[in-house]
Amino acid sequence: MKKALIVWGGWDGHQPKEVAGLFRSQLEREGFEVEVSDTLEAFADGEKLKGLDLIVPVWTMGRIEQQWVNNVSAAVQSGVGLAGCHGGMCDAFRENTDWQFMTGGQWVAHPGNDGVEHKVEIKAGSSPLVAGIEDFTVATEQYYLHVDPANEVLATTRFPLAPGPHAANKAVDMPVVWTKRWGHGRVYYNSLGHQANIMEIPAVKELMRRGFNWCAEGKALAPANEPTEAYTGMADNQL
């Protein structure tokens with residue numbers, strides 16, 4: 001049985017407890033053994049993390065011990081999957097660039113705030129993870145992120161819709177769903193999920209289900225006895 005760890009907390013506005021509960025139910029239906037924690041100390045045992053198949057962070061903002069980020073990073077590099085959504089993964093620990101490097105992006109704005117109706121455009125043929133899923137419209141926060149050019153983008157949304165200084169630039173297609181690799185590990189992100197009801201939308205729920213499974217399957221495919229060169233980040237060095 002695959003093992004997953006969900007760690008929730010941080011800013012209550014994103015309903016982390018409720019989102020964690022939805023993810024737990026979803027993973028259990030997929031046959032995972034799921035541990036849920038409401039403390040970042042869940043990342044303190046690096047060897048335990050390496051024994052997992054999937055880590056799901058649901059933690060917006062806040063601060064984290066550098067060693068705990070290193071532990072998560074080492075686990076993912078070894079083949080453990082990392083998957084999450086919205087601010088729970090890519091607006092966590094704003095001061096920690098190592099976390100941002102690993103996850104593939106960082107939230108910087110949501111012009112128009114909550115309730116912006118926007119279209120999520122699936123990049124058809126880009127990946128089996130989005131096969132058969134049609135474009136859909138949501139009314140929620142539209143995330144503008146700074147993203148890793150190495151990401152494999154699976155869905156996008158068009159900016160600008162809401163007015164603001166960014167509207168003086170040309171239109172851009174902002175990634176909504178992406179994957180990337182971190183050592184032997186698979187990373188999956190979906191920028192939707194401002195509150196728990198968004199994660200109940202059928203297309204969003206299916207995207208997350210596929211992402212969770214894809215990330216967790218990566219561990220079995222990681223080369224045995226072939227560790228990557230451990231990356232512990234620039235935070236360990238004084239510039």
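The structure is a predicted model, in which local features require pLDDT of at least 70 and side-chain atom pairs count only at pLDDT 80 or more, whereas totals for chains, interfaces and linings use all residues. Residues are numbered from 1 along each chain as its sequence is written, and side-chain values use heavy atoms, with hydrogens and water left out.

Helices (H or I, at least four residues) and strands (E, at least two) are DSSP runs, numbered from the N terminus. Buried residues (under 20% relative accessible area; exposed, over 50%; partly exposed, in between; 1.4 Å probe, protein chains only) of H6 include Leu207, Met208, Arg210, Phe212 and Trp214. Among the elements covering the buried residues of H6 are helix H1 (16-29), strand E3 (54-60), strand E10 (172-182) and E7.

Strand E7 (residues 136-140) presents Phe136, Val138 and Thr140 on a covered face, and Thr137 and Ala139 on an uncovered one. Strand E6 (residues 116-122) runs antiparallel to E7 and is joined to it by five bridges, where pairing of two strands requires at least two DSSP bridges between them. Opposite Thr137 of E7 stands Lys119.

Asn96 occupies the loop between helix H4 (86-90) and helix H5 (97-103). With 8% relative accessibility, Asn96 counts as buried. Its side chain reaches the backbone nitrogen of Asp98 at 3.2 Å. Leaving aside residues up to four places away in sequence, Asn96 touches Ile64, Gln66 and Val69 (contact: heavy atoms within 4.5 Å).

Rings of Phe, Tyr and Trp (its six-membered ring) were paired if their centres lie within 6.5 Å, with planes under 30 degrees apart counted as stacked, over 60 as edge-to-face and the rest as tilted. By this rule, six aromatic pairs are counted. In one of them, Phe93 and Trp99 have ring centres 5.0 Å apart and planes at 85°, so the pair is edge-to-face; both residues are buried. Phe101 and Trp182 also form an edge-to-face pair, with 5.0 Å from centre to centre and 75° between the planes. This pair links distant parts of the chain, Phe101 in helix H5 and Trp182 in strand E10 being 81 residues apart. Phe101 is partly exposed at 41% relative accessibility, whereas Trp182, at 8%, is buried.

Definitions and conventions: A polar contact is a pair of N or O atoms within 3.5 Å; within protein, one must be able to donate a hydrogen and the other to accept it, and residues adjacent in sequence count only if both atoms are side-chain atoms.
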